[in-house]
Amino acid sequence: MHHQSPGIGQNTFERRFVLYLTLIGCVALAAVVRDIVARAGLSRGEPALFSYFAGVGADVLLVLVICTASPYFVREMKRGHVTALAAQESRRQIELLFHLTDMLQGALGHADANAVLRSTASALLPGFGGALYIFNNSGDRLELSTSWQWPEATPLSETIAPGDCWAIKRGKLHMNLVDENALCCEHQQCCVTTMEIPMMARGEIYGLLVVQRSGESASDELSNIATAVDALADAMSLSLANLALRERLRTQALRDGLTGLYNRRYMEDALERYMEQAARTQLPLSIVMIDLDHFKKLNDEHGHAMGDAVLSEAASAILGAIAATDIACRYGGEELVVLLPNCRLDEASAKAEMMRGRIERLSDRHGVSVSASFGVAAIAETSSARDVLADADKALYHAKQQGRNRVVAAPSSIRSLTAKPQSKAA
């Protein structure tokens, strides 16, 4: 934000003070001259007419002095008025930015931060359209998070590749001008003048702030607000960094560091919620319990690094076989649990078979025998979370007894759905 320096304000005050003194001095001098001339004429016994013309001449001199000084006086008054308006606008912008920072501290998520940004930007930059893009979790693209006052004739892109944006590649402000010779981002739309600022905090880029203006003087108008937009981006960048840190801490508290799956604590809470939901909606809920076969032997013979790699890739194989609404957790050690809401027992068994096949194919990648046993259970009307987990665990135990590397379901009785030759159980 641009602030008027004390030196500029002091020079303006001194210049205005000197002008006032000069004007007053000229008026006083003209009055004195008029009086002297009049007195001199009377003392020499000159006719009254001479004194009259002498007085008129002094008055004319006085008017000339005032007319000569008045334009300077008016000009300084206008300049002072413009300076006062600029100072008032600067104070207004500072107050809005302080309010933005204060409100962002209370933001619980991106939705709250977006609402605060839209409100502040609309008041701080009236007549300018804007948009905020944020990096997705994998960091391979920027996704549109929110926008305001953006012209409908030029719809925004939902995603931006980091390699298509000069502001992101350079880490600096970039202007996309409507000029055939201008260097524009590849995601830039035609006939739109935009200013893009990377959202940086603690040496990391979290997103992209885009401000748009239409008209022939769009580039000049955007340049005039560059300082205000930069301050807006700084405040929002810190908020995005805090939200990212909060999400990272939350993820660390809820997820297993090795596999990226949810931890046992989260699974137990989610199971209770899903069971309550299933009871209200009368929809099915199934549970799959998974145990990697001979995992201790794998660690002993090939080292813990190999064991960690197999466990991590097994988790990825499971995630690739389930829906976004399903929840995969690391139950403990090499045991994993998958919650399948709105999924019947036969459907859950089919999903488990898909997971089993994916895990078995890891053997070719690592050159060692990799497999897993699966126990599947579904809730009944009288089931509790402990009962469902016990049923799934009992089914898993029977899968181990029957030779491993298979799926066994446990409704009221144990039955094998998939059996593999003993030679592949390893």
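Colleague: How do the residues of the lining of the largest pocket divide into nonpolar, polar and charged?

Modeller: Keep in mind that this is a predicted model. The largest pocket holds about 670 Å³ of space, and 23 residues line it. Sorted by type, that lining comes out as nine nonpolar, seven polar and seven charged.

Colleague: Which residues lie closest to the centre of the largest pocket?

Modeller: Empty space like this shows up when a probe the size of a water molecule is rolled over the atoms. Out of the 23 lining residues, five sit closest to the middle of the largest pocket: His110, Phe135, Asn137, Ala244 and Glu247.

Colleague: Okay, and which element gives the most to the lining of the largest pocket?

Modeller: Four elements each supply at least two lining residues: β1 (129–135), β2 (142–148), β6 (204–213) and α6 (226–254). The top contributor gives eight residues, and that's α6.

Colleague: Let's look at β6, then. How many of its 10 residues are buried?

Modeller: Buried here means under 20% relative accessible area. By that cut-off β6 is mostly covered, and its buried residues number seven of 10.

Colleague: What is the bridge partner of Tyr133 in β6?

Modeller: Start with the strands: β1 and β6 pair in the antiparallel sense, over six bridges. Look across from Tyr133 into β6, and the partner you find is Leu208.

Colleague: How many bridges join β5 to β6?

Modeller: Strand β5 covers residues 193–201 and runs antiparallel to β6. One spot to look at is Glu196, which stands opposite Val210 in β6. The bridge count for β5 and β6 is nine.

Colleague: Which residue takes a positive phi in the hairpin of β5 and β6?

Modeller: That hairpin has two residues between the strands. The positive phi there is near 55 degrees, and the residue that takes it is Arg202.

Colleague: Which element gives the most to the largest nonpolar core?

Modeller: This core has 35 residues, and the ones touching the most other members are Leu125, Ile225, Val229, Leu232 and Met236. Two or more residues come from each of α2 (48–105), α3 (110–124), β1, β5, β6 and α6. The biggest share, 10 residues, comes from α6.

Colleague: Leaving out residues up to four places away in sequence, what does Ile225 touch?

Modeller: Ile225 is one of the core members that touch the most others. Once residues up to four places away in sequence are set aside, its contacts are Leu125, Phe128, Met195 and Val211.

Technical notes. Residues are numbered from 1 along each chain as its sequence is written. This is a predicted model: local features need pLDDT of at least 70, side-chain atom pairs count only at pLDDT 80 or more; totals for chains, interfaces and linings use all residues. Side-chain values use heavy atoms; hydrogens and water are left out. On a 1 Å grid over the protein atoms alone, a cavity is a set of points where a 1.4 Å probe fits but cannot get out, and a pocket is an open set with protein on both sides within 12 Å along at least five of seven lines; lining residues have an atom within 4 Å of a point. Grid points are joined across faces, edges and corners, and a volume is the space filled by probe spheres set on the points. Ala, Val, Leu, Ile, Met, Phe, Trp, Tyr, Cys and Pro count as nonpolar, Asp, Glu, Lys and Arg as charged, and the others, Gly among them, as polar. Buried means under 20% relative accessible area, exposed over 50%, partly exposed in between (1.4 Å probe, protein chains only). Two strands pair if DSSP finds at least two bridges between them. A nonpolar core is a set of buried Ala, Val, Leu, Ile, Met, Phe, Trp, Tyr and Cys residues joined through side-chain atoms within 4.5 Å. Contact means heavy atoms within 4.5 Å.
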